[in-house]
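Visitor: Could you take me through the aromatic side chains in this one, up close? I'd like the geometry and the cut-offs behind each term.

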Amino acid sequence: MTSLTMRSPALGELGEHTLRKVRRRIMPLIVLLYFVAYLDRNNVGFAKLTMSADIGLNAAAYGLGAGIFFLGYALLEVPSNAGMYRFGARKWLARILITWGLLAAAMALVNGESSYNILRFLLGAAEAGFFPAILFYLTLWFPAAQRVTVLGIFILAQPLSNALGAPVSGLLLQMDGVLGLHGWQWLYILEGIPAVLLGLLTPILMTDRPRDAKWLKDDEREWLANTMDAELALKSKSGHHNFLAGLKDKRTLAYSALYFGLVCGIYGLGLWMPTIVSALGKFSTTEIGFIVFIPYAIAAVFVYWWSKRADKTGKRAWHTAASMILAGAGLLAAGFLLPVNPFLAMVGLIASAMGIYGAIAPFLSMPSAALTGAAAASGLALINSLGNLGGFVAPYAVGLLKDATGNNQSGLVFLSLCLAATGIATYLYARKRPEGDATLAQTAEPSDPS
């Protein structure tokens, strides 16, 4: 296989300065967009605290609707990314942002299980294509050897959104009765509006490709464009890279299956975290919001350090696997300690959040390094589409287990096993592949890209 992932080369003063300028220009907007996306898909976890009684949802019905988001998301993921590749990131991301913002606010209209399921499905369909579009966009601006750190900055939006969104969501639930609306209705409305506003601003603030970057000096723009073109030409030697090639690539299917297991942990925990924390004691919704803040805030610090470490060592498969095993151990500990010691159970939840979010950047850097061009657009979309079906399975399974057993323990054990098994499988699959271990790229020879 042709070298797909390389140890960080000497960029030179021009390269270092250019990439620093690109990071400062691109990453704040990217992180903000993903922050809002994650807030709008996960705020249902807080809304549940009061919404379930108002519209008559049991735990299984809540989990089903929370997960149905990912069915709509998965069905339209690849077609949406084809649109992005055809029309460009600026226009397509703006379309996604505006439609999902409107539907996120429309969640305030739910009045029963059917309307809840329909709007969650439509919200997922509207957001389809956003995440892989961003991943593909980053492959156009950052060389593979620097990409894990960049992905780590991007992924920071997930724990930060949960950390900062938790106390805000808890406070919004206190608006019950204002203008005749429930607190959970205000939560949906006020947290949906930012996506619409950002959708209007994105075409102005975003640049499609390096050669279009008028905010770079001529020598900077030329260096970056030539660097990315050279990397594309090198990776293209490993096989065909048209749009359909990404869908057929065996690596795409392998990483889809592995991502499914990781996503089970991400959303199995994220969509149930407020409910799990409420079981630790008698807390108001505001207090729950501030308690939920703790594991995600600690996870955010860990994600940045862990991503930089993965880039420095090149051991992406190892860092991914170690993170998922840490998350599995934390969930297992939390499950058994919940009824015994709330403090130690919270420590377990902190470890699980660190492990889950710490795994995402090194994991996603592997398929984004292995695929290129149009094949990257389609392949990353399929990986995200199939992998995110875990976001349907896990919340629903946790809800079923909670209804069946009357406690949160069985659901946490289920998530723990998913993450531990996926971590081991990821290591076994990717540890001897150039995208999983950058040191292997130095001696890799051209071969079949599968």
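Guide: Searching the whole structure turns up 19 aromatic pairs. To count, rings of Phe, Tyr and Trp (its six-membered ring) need centres within 6.5 Å; planes under 30 degrees apart are called stacked, over 60 edge-to-face, and the rest tilted. Before the details, a word on provenance: this is a predicted model, where local features need pLDDT of at least 70 and side-chain atom pairs count only at pLDDT 80 or more, while totals for chains, interfaces and linings use all residues. Numbering runs from 1 along each chain as its sequence is written, and side-chain values use heavy atoms, with hydrogens and water left out.

Take Y259 and F363 from that set: their ring centres sit 5.5 Å apart with planes at 15°, so this pair is stacked. It ties together distant parts of the chain, as Y259 belongs to helix α12 (residues 250–270) and F363 to helix α16 (residues 342–370), 104 residues apart. Helices here are DSSP runs (H or I, at least four residues), numbered from the N terminus. Y259 is buried at 4% relative accessibility, and F363 is buried too, at 0%. For those labels, buried means under 20% relative accessible area, exposed over 50%, and partly exposed in between (1.4 Å probe, protein chains only).

Now look at F302 and W305, whose centres are 6.0 Å apart and whose planes meet at 50°, so that pair is tilted. Both are in helix α14 (residues 285–313), and because they are three residues apart, about one helical turn separates them. F302 is buried, with a relative accessible area of 13%, whereas W305 is partly exposed at 48%.

K48 lies over the face of Y62, 5.5 Å from the ring centre. R95 does likewise over W92, at 4.6 Å from the ring centre.

F121 is partly exposed, with a relative accessible area of 30%.

Note on methods
Helix = DSSP H or I, 4+ residues; strand = E, 2+ residues; numbered from the N terminus. Lys NZ or Arg CZ within 6 Å of the ring centre and 35° of its normal.
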